[in-house]
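Student: I would like to go through this model with you, term by term. Please set each value against its cut-off.

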Amino acid sequence: MLLIQVNPGLDIMIKYQWLFPATECVHIIGFALTIGTIALVDFGLLGFGFRREATGQLVRSTAPWTLSGLILIIFSGLLLFSTDPDHYYSNRAFQIKVTCLAVAILLNYTIHRKVALSKNDSGAFAHLVGAISLALWISVVFGGLFIGFTT
Amino acid sequence: MSFYSFAHWLERREWALDFSASSYAYPIVLATHLSCIAVFGGMVLVTNFRLLGWALTCYPISDVMRKLRFWKRLGFLLMVTSGLLMAGSEAGKYYGNPFFWTKVALLALIGVHALVFRRSVYRKTTELDLAPVVPGHAKLAAAASLILWTGVVCAGRLIGYYI
């Protein structure tokens with residue numbers, strides 16, 4: 001309730017009805033950027049696309065875009081959230097999504113990055129990290145979509 | 001048979017009725033469609049960014065294109081399959097939806113884009129690598145591709161608002 005009272009985003013979203021779908025579009029482009037660049041590294045860790053030996057270069061080269069996308073997603077996401085905080089907060093799919101997102105971001109900037117940059121990690125561990133990362137990010141997308149289909 | 005009656009015939013097929021009757025089928029297929037935007041749409045973005053010199057500049061253009069070609073094709077196949085499932089199961093509704101037709105028109109333009117730039121850009125990647133700077137027409141191809149695909153994503157999202 002406090003969020004609604006001190007929420008400048010909400011007034012704008014109510015006043016301009018097209019803003020919600022427009023924000024959703026920004027949200028989708030944002031996650032294509034973030035998840036797309038991370039998935040490239042995941043594919044590399046799994047031995048596809050840009051292979052294992054290239055993942056360090058891949059991470060460094062795509063990091064600014066991963067972060068730009070993340071900023072877009074979080075900003076647009078908060079704007080969408082602000083329209084009905086109580087509904088989102090108590091929505092099961094939203095809770096799962098946010099949990100997966102937090103873990104995915106944490107993983108991305110810690111173990112995922114470290115494994116991608118290192119040259120002599122065992123193949124099996126790199127495979128595992130790539131698979132977990134990919135699964136987490138896809139769970140975030142599924143969770144996000146299911147917000148609209150669950151209560 | 002007109003396209004209109006085809007749409008109504010299509011949505012009365014048994015698979016379409018089953019699809020619509022299930023409360024899980026639509027969201028699961030849509031979530032798959034969206035996951036493909038994330039994973040494979042991201043590859044389209046990155047490829048175009050490479051042509052524009054914004055990302056992956058440590059790799060030759062031909063390298064980026066060759067390594068991602070198979071995956072982008074696989075992604076396209078998954079997107080079209082999931083998209084046709086959704087549109088086909090509710091063909092009557094989609095038929096009257098202007099955003100659906102906007103999306104179809106933009107996809108057709110992407111086909112035209114591929115034909116226009118195939119010879120000068122997409123089959124000339126080794127020449128592009130040898131050029132001291134990426135030539136203007138290759139950057140134009142990348143910019144046009146970014147605009148068209150962004151349009152497809154936005155039109156796709158708006159389909160859901162017109163029912």
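Student: Where is the place of A:L106?

Tutor: A:L106 sits in helix 6 (residues 92-117) of chain A. Helices here are DSSP runs of H or I with at least four residues, strands are runs of E with at least two, and both are numbered from the N terminus. This is a predicted model; local features need pLDDT of at least 70, side-chain atom pairs count only at pLDDT 80 or more, and totals for chains, interfaces and linings use all residues. Residues are numbered from 1 along each chain as its sequence is written, while chains are lettered from A and ligands numbered from 1 in the order in which they are written.

Student: Why is A:L106 called exposed?

Tutor: A:L106 has 12 other C-beta atoms within 10 Å. A residue is exposed at 12 or fewer such atoms, buried at 20 or more, and partly exposed in between, with C-beta atoms placed from the backbone. So A:L106 counts as exposed. Its C-alpha atom is separated by 27 Å from that of A:T83, 23 residues apart along the chain.

Student: What share of chain A counts as buried?

Tutor: Of its 151 residues, 38% do. In chain B, buried residues make up 31% of 163.

Student: What makes helix 3 of chain A roughly antiparallel to helix 4 of chain A?

Tutor: Helix 3 (residues 19-45) and helix 4 (residues 55-82) of chain A pack at an angle of about 155°, their axes 8 Å apart. Angles over 145 degrees count as roughly antiparallel, under 35 as roughly parallel, 65 to 115 as roughly perpendicular, and the rest as oblique. Therefore helix 3 of chain A is roughly antiparallel to helix 4 of chain A. The axes are lines fitted to C-alpha atoms, for helices over the stretch in contact, and angles run from 0 to 180 degrees between N-to-C directions. The crossing of these helices is left-handed, a term for a near helix turned anticlockwise from the far one by less than a right angle; clockwise is right-handed.

Student: Why are helix 3 of chain A and helix 8 of chain B called oblique to each other?

Tutor: The axes of helix 3 of chain A and helix 8 (residues 136-159) of chain B cross at roughly 130° and come within 10 Å. That angle falls in the remaining class, so the two helices are oblique to each other. Helix 3 of chain A passes helix 8 of chain B in a right-handed crossing.

Student: Which residues meet there?

Tutor: From helix 3 of chain A come A:P21, A:E24, A:C25, A:I28 and A:I29. They meet B:T150, B:V153, B:C154, B:R157 and B:L158 in helix 8 of chain B. By class, this contact has seven nonpolar, one polar and two charged residues. Nonpolar means Ala, Val, Leu, Ile, Met, Phe, Trp, Tyr, Cys and Pro; charged means Asp, Glu, Lys and Arg; the others, Gly among them, are polar.

Student: How many residues does the contact take from chain A and chain B?

Tutor: It takes 26 residues from chain A and 25 residues from chain B. Two residues are in contact if their C-beta atoms, placed from the backbone, lie within 7 Å. Helix 3 of chain A gives the most to the side of chain A that touches chain B, with 13 residues.

Student: What confidence does the predictor give the complex?

Tutor: The ipTM is 0.91 and the pTM is 0.90. For chain B the mean pLDDT, a per-residue confidence from 0 to 100, is 91, and 99% of its residues reach 70 or more.

Conventions
pLDDT = per-residue confidence, 0-100.
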